[in-house]
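User: I would like to learn how to read a structure feature by feature. Could we work through one together?

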Amino acid sequence: MDIETLRQEFSDHWAKAAAIRVLAMDAVQAANSGHPGMPMGMADVATVLFEKHLKFDAKNPDWADRDRFILSAGHGSMLLYALLHLTGYEDMTIDEIRNFRQSGAKTAGHPEYGHAKGIETTTGPLGQGIANAVGFAIAEEALRARFGRKVVDHYTYVIAGDGCLMEGISHEAIGLAGMQKLSKLIVLWDDNNISIDGEIGLSDITDQKKRFQAAGWQVLACDGHDPVAIDEALTAARKSKKPTMIACKTHIGFGSPSKQDTNKAHGSPLGAEEIAKVRKIYGWSHPAFEIPQDIKSSWEKIGARGAADRKEWDSRFSELSESRQKEFNRVIAGDAPRKLSATIKALKKQMSDDMPKVATRKSSEMVLEVINPIMPETIGGSADLTGSNNTLTAGLGIFNPENRKGRYVHYGIREHGMAAAMNGMVLHGGIRPYGGTFMCFTDYARGAMRLASLAGVPTVFVMTHDSIGLGEDGPTHQPVEHLAICRSTPNTWTFRPADTVETAEAWELALTSSRTPSVLALSRQNLPTVRTEHKLKNLTALGAYVLAEADGKRQAILMATGSEVEIALKAREILQAKGIGTRVVSVPCMELFAQQDLSYRRKILPAGPVRVAIEAGVRTGWDQWLLGERGREAKAAFVGMKSFGASAPAPELYQEFGITAENAAAQVEALLGA
């Protein structure tokens, strides 16, 4: 539908949609940076969605049963910011729009969760939003099964572009959503045939409609500038028993005389002269950032339309028993149950008494066996490695279209899609997901793991087979640099526990975190219990602590994580037999150790003794503790990996690469001799 027809036959709609377009043009121009074309192209779709379908209350943006709107095509962020401002979200003022992409503004270049209400997730890296949305939809299904349709019954809407659908993560996401028949997931594809380089045909010939159909989706199509056709498509989508993709045929930079339907409208300002021409075409005579009161009022009525629905929901919610209301509010807030601390303490005592020798992946399963029954909000899963990751415990049941009360998701070989979907579950609220794969395959999940850290989403990534200790599968599967990569990512807790006690403590921290994701790096090989003396305190929360003190004068400090703590203790025995007083420090989480005050860190790593770190990974990250904290080069050494691994039984590999108690002891003696 052309602009003249829209202005004449749908004048009210046109005025509201034009407000989005001019705000996008003006904000990008003022910033001299941004993407005006996509908001200009999708303004009609967004207007119909918000006016006629989206259930929300701008004055109560955290309402638990609101529909979720996710802008997967995050480069078009001004579409979202304009909608939030126009509909009356209190923290999205016109000054925030004016300050688009400026320091301190809520209106970042790409939407960032937590900057403003109504931004449901952090997007920008293409494909993440659509994959997050799968998690949102899973969370909605699971919570509806648990609490009932009267309390949980909402949709997840996504605007995605060509770039989102080209990214590999989208294939993982749509396959999972189709298999799960997530009927309350509706994707609006901005089918404008343009990317930064030019027409889509330069790089892709995929028939996206057939692709979604093949994955089990309902596929609809509409003119993305025809408000009646858009409304009809959305109405049909809401009736489907499958997830729905609506192909919305649009013009990028709609109305721009020289840039419409070209990549020139994609990622740069239109220019003052072009904007003046567009204003004339739109019939928009108002200055930059000025929205006429009648148009703003119309939008604010849309923002208030959901207030009645919310009040009705409040009434239905009040009919729940007091205990059900408290439980719903608890899980939506992300608070752990009171029983968690006592449950972990009891397990720790049992493990210290029984002293099992098990792989920490098995330790993790043992912890989950006591956690899952008291935390019904957990949803576990694995990327097709359930038996290896030990992530499925008794009684969870499988989440699928036939059993929405199931609490275990078979993600298939979709590490990236799994990680992003879990982020979406956390962001939705009410769910504490965890999912497993091999530590080496954090490479496949990296994009979503990074966004969890950036957005402050406390997802739990269970990463087993954490070193050359996995043995015969060889260097393709043996992580050596991955611990360093995880540790170098800001706002990430990387746990590498030495036994079941430390594993239990790590899980307690991961499940009580509110803003930090956790990586649990777990062993394939069996490890002895090293925490044989029960402590009520969560020592892992300190990041590092003295596991074994030196007998006599302290001359050496051995630091180790995970499976190498056992090696450090054996090295200590060798050294102590030679009269070399040796302290062993377990370092289950470097990030938490770094957060401790200086006096504690100096107590654990005093100046003077030589220091040797032992870990079956690369040295990167260890110099903070070897050379920093009053250490120095001449008195420090590292026992670990300098190359990729090899295919052989684990004990042989540890010998081959010198990660042994004998070598660690020899390093200490050499440093003392020097």
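User: Which residue in E13 does Met463 stand opposite?

Analyst: First, the ground rules. This is a predicted model, where local features need pLDDT of at least 70, side-chain atom pairs count only at pLDDT 80 or more, and totals for chains, interfaces and linings use all residues. Residues are numbered from 1 along each chain as its sequence is written, and side-chain values use heavy atoms, with hydrogens and water left out. Strands (E, at least two residues) and helices (H or I, at least four) are DSSP runs, numbered from the N terminus. Two strands pair if DSSP finds at least two bridges between them. Here, Met463 stands opposite Ala521 in E13. Five bridges join strand E11 (residues 460-464) to strand E13 (residues 518-522), and the two run parallel.

User: What is the strand order of the open sheet?

Analyst: Six strands pair in parallel, in the order E9-E8-E10-E11-E13-E12. Strands E9 (408-410) and E12 (493-495) stand at the edges; each has a single partner strand, so one side of each lacks a neighbour in the sheet. From one strand to the next, the twist averages 20°.

User: Which strands does helix H16 touch?

Analyst: Contact means heavy atoms within 4.5 Å. Axes are lines fitted to C-alpha atoms, for helices over the stretch in contact; angles run from 0 to 180 degrees between N-to-C directions. Helix H16 (residues 360-371) packs on the sheet and touches E10 (432-438), E11 and E13. Its direction makes about 125° with that of E13.

User: Where is the kink in H3 centred?

Analyst: The bend at a residue is the angle between axes fitted to the seven residues ending there and the seven starting there. In H3 the kink is about 50°, centred on Ala43.

User: Is H3 mostly covered or uncovered?

Analyst: Buried means under 20% relative accessible area, exposed over 50%, partly exposed in between (1.4 Å probe, protein chains only). H3 is mostly covered, with 15 of its 17 residues buried.

User: How many aromatic pairs does the structure hold?

Analyst: Rings of Phe, Tyr and Trp (its six-membered ring) pair if their centres lie within 6.5 Å; planes under 30 degrees apart count as stacked, over 60 as edge-to-face, the rest as tilted. The structure holds 17 such pairs. One of them is Phe147 with Phe328, edge-to-face, 5.1 Å centre to centre and 90° between the planes. Phe147 lies in helix H6 (residues 128-147) and Phe328 in helix H14 (residues 322-333), 181 residues apart. Phe147 is buried at 5% relative accessible area, and Phe328 is buried at 3%.
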